[in-house]
Amino acid sequence: MKRYKDLSVRSKLITQVALGFILIFGFFRFWVVPQIEESFMDEKREMLKKLVATANSIYAGYDKMVKEGKLTLEQAQQNARTAIKHIRFDGKNYFFVFTEEKMIIQPSQPKREGKPLSFFKDDKDKLYLQEASDVCKTSGEAFVVYYKAKPNTTLPIPKLSYFKLYENWGWITGAGIYYDDIEDTLASINMALYVTLPIILLLIFAYLGYFIDKIALKPVRALSGLADKIANGDFIDKFEIDTNDEVGQLGKSMGRMSESIMKVVTDIRELTANAEQGSFSVRGDASKHKGVFSEIILGINKNLDALITPLNIAA
């Protein structure tokens, strides 16, 4: 394998573009996507909080009527049970309500109402309602993850639930969503990122590759060809370039170099032609040239002087 510095400019650019693609994709995979997932989970948690707050507001409404003497506590709680049992969210999801001792509202399985909290275990034997009750005693609310199979299925799926205590009645209301519903949405987001993002990046980098090849590499190849011509003695009379970037400046410099060499060559040709005609008194004008080119003309003039002086003496 060639060392990196020995690769062509095109290969180096492709390597850098590929590296940039990997870095950007990695940035999205390991930072942006986790941030999106966490933000999405935060939204779901906030949604559950708002849903349970709605239930607690129902209790508060009936509780107010009790304090105003419009309803007895038993009537208010019975009305609240009826209202809560009929509420659904996200399709078939519902609220379930319990106290520190027992379940009091279970819309999907009314037979479980009145059962003690120790009766309620998830598919991994976790006493999830007891855990929620214990946490709510101290903090008033709790998020609990437990495993339950969906209706008509046998596979346990993690479920995220939020619980909040309504202190006046000692009721703890819970609402939950299955993780597979969340994961389906996250999978759609990931699919959009992992499919759409690479396509967008590939299109961007493909355009950059074309742009670099068209704007930078093509003129460089042209300049390389001109440099080879100059090296082989094929000088150009006029060098034209229509850009003012670095490549354009390089091209103009090569044009000036070619013109300078051509001036030296022209003077040498004139001196040679005069010498062939026997006119040894003609000298080149070194002031028209700069640097080494001026020294070349001065050197030829000195050689002519060194040749003519002894000839004149001999004559």
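Visitor: Which residue in E4 does glutamate 141 stand opposite?
Guide: Lysine 164. Strands here are DSSP runs of E, at least two residues, and helices are runs of H or I, at least four, numbered from the N terminus. Note that this is a predicted model: local features need pLDDT of at least 70, side-chain atom pairs 80 or more, while totals for chains, interfaces and linings use all residues. Residues count from 1 along each chain as its sequence is written, and side-chain values use heavy atoms, without hydrogens and water.

Visitor: How many bridges join E3 to E4?
Guide: Nine, and the two strands run antiparallel. Pairing takes at least two DSSP bridges. E3 and E4 make a hairpin with six residues between them. Asparagine 152, in the turn, has a positive phi of about 70°.

Visitor: Is lysine 159 buried or exposed?
Guide: Buried, because its relative accessible area is 10%. The cut-offs are under 20% for buried, over 50% for exposed and partly exposed in between, using a 1.4 Å probe and protein chains only. Lysine 159 lies in E4.

Visitor: What does lysine 159 touch?
Guide: Contacts, meaning heavy atoms within 4.5 Å, include Val144, Tyr146 and Ile177, leaving out residues up to four places away in sequence.

Visitor: New topic. Which residues are on the covered face of E3?
Guide: Ala142, Val144, Tyr146 and Lys148. The uncovered face has Glu141, Phe143, Val145, Tyr147 and Ala149. In a regular strand, side chains alternate between the two sheet faces.
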